[in-house]
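Here are a few friendly notes to read alongside the model. Please keep the 3D view open as you go.

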Amino acid sequence: MPSTWPRLTAAQHDQLRAFEAALVQLNRTFNLISRDTEPYVADRHVRHSLILATRPFPPGVTVVDWGTGGGLPAIPLAIACPHLRVVAVDSVGKKVRAVQTMARRLGLNNVDAWHGRALAWPGQAPYSVSRATAPLRDLWTWHARVESEPPAPVEAPSADVWPPGLLCLKGGDLTREIADLHAAFPGLVVEQAPLRPLLPDPYFAEKVLVTVREAP
């Protein structure tokens, strides 16, 4: 994982701050995040989500966010990477309505919110993302069902681009989750990267970015 944050414009920073305010406001009605974390929404929710933007995605690809909740990581990712189409999937209707409201307020034309179970989403995407949603085995099951090849780039892609697959933000001991994933899907490449180099807050001490992809 790169050791630098994405370069954002002043307008993108404004959108992120507007999202933080909207998230806290709508949380009173829709219960999108823990009330205890509202004072830390910028660091513990938004910057956490922006870890996914520390490497680029190929332009024009679709990224599906499983169990988006309050639009995390979907909306911060869509703000940081306007060249993506981000689909926020959640089985809870009120959370999908909240995401739709926030995307509309922020003028995000690259965010779609879909209400339903992950196994019923009818789209295709070369990338899946998740933030503390489900076990790795379930997440890969959902991803594998909708996985598609990314569009061929006009130019050769940078070696720094995320490889197609699953990117998820998790914490704690993942030994059992990874073993269960390999038992169900042998041969996958699973890597973990600690978040502390970019997020020095002790809150992130045991949190990691997990990437899962097909073996070459």
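Predicted model: local features only at pLDDT ≥ 70, side-chain atom pairs only at ≥ 80, totals over all residues.

1. Residues are numbered from 1 along each chain as its sequence is written, and side-chain values use heavy atoms, leaving out hydrogens and water.

2. Start with the largest nonpolar core, which has 47 residues. Such a core is a set of buried Ala, Val, Leu, Ile, Met, Phe, Trp, Tyr and Cys residues joined through side-chain atoms within 4.5 Å; buried means under 20% relative accessible area (1.4 Å probe, protein chains only). F19 and F57 have the most contacts inside this core. Among the elements giving two or more residues to it are α1 (10-30) and β5 (165-171); helices (H or I, at least four residues) and strands (E, at least two) are DSSP runs, numbered from the N terminus.

3. Apart from that core lies another, of 22 residues, including A125, L139, V208 and V210.

4. Now find strand β7 (residues 207-213), where five of the seven residues are buried. Six bridges join β5 to β7, and these two run antiparallel; L166 has V212 as its bridge partner in β7. Strand β6 (residues 189-194) is also joined to β7 by six bridges, running antiparallel, with P194 opposite V208.

Terms used: Buried < 20%, exposed > 50% of the residue type's maximum accessible area, 1.4 Å probe, protein only. Pairing = 2+ DSSP bridges.
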